[in-house]
Amino acid sequence: MKMWRWWWLLPVVLLAVLLGWMLLGDGGGTPTPRAASKVSAAALRSPELVAKGEYLALVGDCAGCHTAQGGARFAGGRSLATPFGDIPVPNITPDRETGLGDWSFEDFWQALHAGKGRHGELLYPAFSYTSYTKVTHDDALAIFAYLQSLPPVHQPATAPSLAFPYSVRKSLAAWRALYFREGEYRPDPAQSAQWNRGAYLVQGLGHCNECHAARDSLGGTAGDRHLTGGQIPMQNWYAPDLSTGQNGGLQGWSEQDIVDLLKTGQSAKGAAFGPMASVVAASTQHVNDDDLRAIATYLHSLPPRAPVVLDTQLFNAKAIVQQGEKVYGRHCVACHGKNGEGVAGVYPPLDGNSSVTEPTGINATRMILLGGFAPLTAANPRPYSMPPFAQQLSDSEVSAVASYIRRTWTNQASVVRPEDVSRYRHTPID
Amino acid sequence: MARAYNRTMITSASPLPAKPSVAAVFALAMLCSGASRAADAPSVPDTLQQRIAACTTCHGEHGEGTPGSGYFPRLAGKPAAYLARQMQDFQNGLRKYAPMEYTVRQLSPAYMREIAEYFASQQVPYGRSPVPAVPAATLQRGEELVGKGDPARKIPACASCHGDQLTGVEPSTPGLVGLPYDYISAQLGSWRTHTRATVAPDCMALVAARLGDSDITAVAAALASRQLPADTHAQPAGSVTPPLRCGVLGATGDLP
């Protein structure tokens with residue numbers, strides 16, 4: 001635990017809390033009554049607006065967080081585990097008592113755009129308003145109209161359980177000063193309309209950066225870390241760098257590869273799995289082709305990255321890789337092939353696959369342990385699957401085969417140690 | 001349904017032929033960039049069995065389970081609706097077992113139904129599982145619960161729902177014969193700790209709550225020790241009248 005990293009921030013936090021207290025007073029805000037809203041109830045019922053909002057809610061995968069396992073869509077009722085404690089995920093159906101039934105559009109806009117609740121209280125950034133602030137007023141209105149059109153579900157929120165000082169909402173004033181810049185997306189006139197659409201979706205509603213960038217010890221992503229990849233806190237998966245340029249996590253991916261993965265769950269370069277499998281199944285497969293192409297265009301423009309410097313190996317990597325080759329021959333070669341080439345459209349290649357070679361080795365390790373089905377999409381309704389090997393292989397066997405696939409063919413990543421395997425073996429799946 | 005999916009697959013994926021001829025492999029090699037690489041490429045049969053490697057690695061290619069270890073239950077021959085329901089219950093978090101929840105988390109109802117039907121239609125011999133040595137009195141108590149229940153404690157006989165021969169009843173009641181001791185006792189325990197549940201009214205939860213610890217040992221030992229009947233198929237639908245109202249059997253409302 002890199003504790004030293006946040007100690008220096010403590011005075012900053014305290015100062016900002018103090019300032020926040022003085023500036024914001026007691027939360028400082030009252031809801032806008034629906035009767036006083038600039039948006040009439042009739043306008044919200046427009047079928048075109050509701051349909052647009054339904055699409056945008058899919059693009060943003062709102063249901064992904066706002067739905068409990070086995071629960072009603074958008075009705076919340078679960079907690080989001082963060083390194084700072086559990087944050088309740090609210091019900092966003094129009095139930096008057098437990099949902100957004102009494103909310104006006106102005107209240108909704110304040111939450112989505114400014115990260116503030118109805119009463120002006122600062123919202124925890126587990127709700128990714130750091131991204132959603134870029135959503136346009138019109139799009140936000142459509143999403144609100146759609147949410148208000150849902151059947152109301154009575155579902156009270158779970159209780160928050162945050163550790164001090166995170167339990168003090170006002171301490172978020174400091175966090176916001178460090179990490180949050182309020183403002184709608186501003187198109188870059190030097191770029192094409194397609195590029196701008198892609199940038200808008202990726203940076204805004206798609207909130208890709210919330211996973212695909214490293215978070216620091218305060219859970220923020222620094223401004224210079226845009227889609228450069230990072231370990232997802234608590235979930236322990238690595239969301240890869242999304243640059244297709246030199247040394248990028250998607251180096252060598254064509255725009256079509258990106259579209260394929262988002263649409264079908266698979267591409268010639270790799271398959272979605274772990275949290276991204278859920279994102280593809282619930283969200284990106286429903287994104288229309290124009291928007292997918294726009295996203296691909298934007299990702300294709302991300303700059304090249306600095307070369308990755310491998311950690312010095314602390315022990316003999318050669319022996320572990322040799323052991324791994326044997327395990328690969330027994331359990332993996334039948335599907336992924338002798339050259340790690342996979343089978344087009346069925347089993348992903350391992351050679352040149354950034355999920356295999358990402359910096360931490362988490363993805364390869366957990367994939368070997370958990371196996372699972374490729375994302376189920378309209379294009380692939382009966383996906384093939386990979387057996388879980390947690391029950392069959394020891395920590396040293398998993399470390400050996402993970403190291404082998406990371407250091408063979410054209411792959412040149414670090415080895416995975418048995419103690420890492422042991423840790424990921426016990427990572428909860430959600 | 002399955003036919004419609006097969007049609008979709010032809011357009012969406014391009015699996016190699018199940019047993020490529022030499023000529024086909026050669027033609028493929030010509031198409032691909034490197035001939036030697038293509039010859040190494042695995043051939044993948046377009047079968048459900050191949051698709052569900054994630055299931056069969058633990059439950060067996062034909063759903064025979066692992067009778068030796070008692071850990072992974074047999075799926076072969078269990079009623080399809082029962083199997084589909086279990087996957088759904090894992091999806092919804094009613095049944096808790098992380099590897100199963102992860103594996104089935106985003107499967108569609110149609111795909112789960114197809115997988116369930118695959119295992120339901122498998123016919124493989126039952127294997128014997130080890131049963132711990134229990135006193136004769138325990139085994140006798142278990143036999144009593146299985147065949148007659150315990151009316152004083154409102155515990156119905158297993159056979160009253162699961163069939164005379166305990167081979168299950170179509171479409172939703174699983175057989176209890178040939179299940180390992182460890183599996184049965186673990187499942188009854190799970191109902192009591194709410195890590196296994198199903199749609200309300202959850203009558204098995206009620207039954208499990210009425211069983212004492214020693215009853216669970218007794219009934220698990222008795223079931224696991226039973227000789228297999230000649231016919232292990234589930235009884236036809238409607239051939240039993242369950243004494244409890246069960247959500248899985250279509251009942252609604254609260255428990256009696």
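Q: What pattern does chain B follow along its sequence?
A: This is a predicted model. Read along the sequence, chain B runs α-α-α-α-α-α-α-α-α-α-α-α-α. The chain has 13 helices and 0 strands.

Q: Why are H11(B) and H12(B) called roughly perpendicular?
A: Look at the angle between their axes. Helix H11 (residues 181-192) of chain B and helix H12 (residues 203-210) of chain B cross at roughly 100 degrees. Angles of 65 to 115 degrees count as roughly perpendicular. The crossing angle falls in that range, so the two helices are roughly perpendicular to each other. Their axes come within 8 Å.

Q: Which residues make the contact between H11(B) and H12(B)?
A: H11(B) supplies Leu188(B), Trp191(B) and Arg192(B). H12(B) supplies Met204(B), Ala205(B), Ala208(B) and Ala209(B).

Q: What makes one residue of this contact charged?
A: Arg counts as charged, and Arg192(B) is part of the contact. Leu, Trp, Met and Ala count as nonpolar. The contact therefore has 6 nonpolar, no polar and 1 charged residues.

Q: How many of the residues in chain B are buried?
A: Of its 256 residues, 39% are buried. To count as buried, a residue needs 20 or more other C-beta atoms within 10 Å of its own.

Note on methods:
Residues are numbered from 1 along each chain as its sequence is written. Chains are lettered from A and ligands numbered from 1 in the order in which they are written. This is a predicted model: local features need pLDDT of at least 70, side-chain atom pairs count only at pLDDT 80 or more; totals for chains, interfaces and linings use all residues. Axes are lines fitted to C-alpha atoms, for helices over the stretch in contact, and angles run from 0 to 180 degrees between N-to-C directions. Helices (H or I, at least four residues) and strands (E, at least two) are DSSP runs, numbered from the N terminus. Angles under 35 degrees count as roughly parallel, over 145 as roughly antiparallel, 65 to 115 as roughly perpendicular and the rest as oblique. Two residues are in contact if their C-beta atoms, placed from the backbone, lie within 7 Å. A residue is buried if 20 or more other C-beta atoms lie within 10 Å of its own, exposed if 12 or fewer, and partly exposed in between; C-beta atoms are placed from the backbone.
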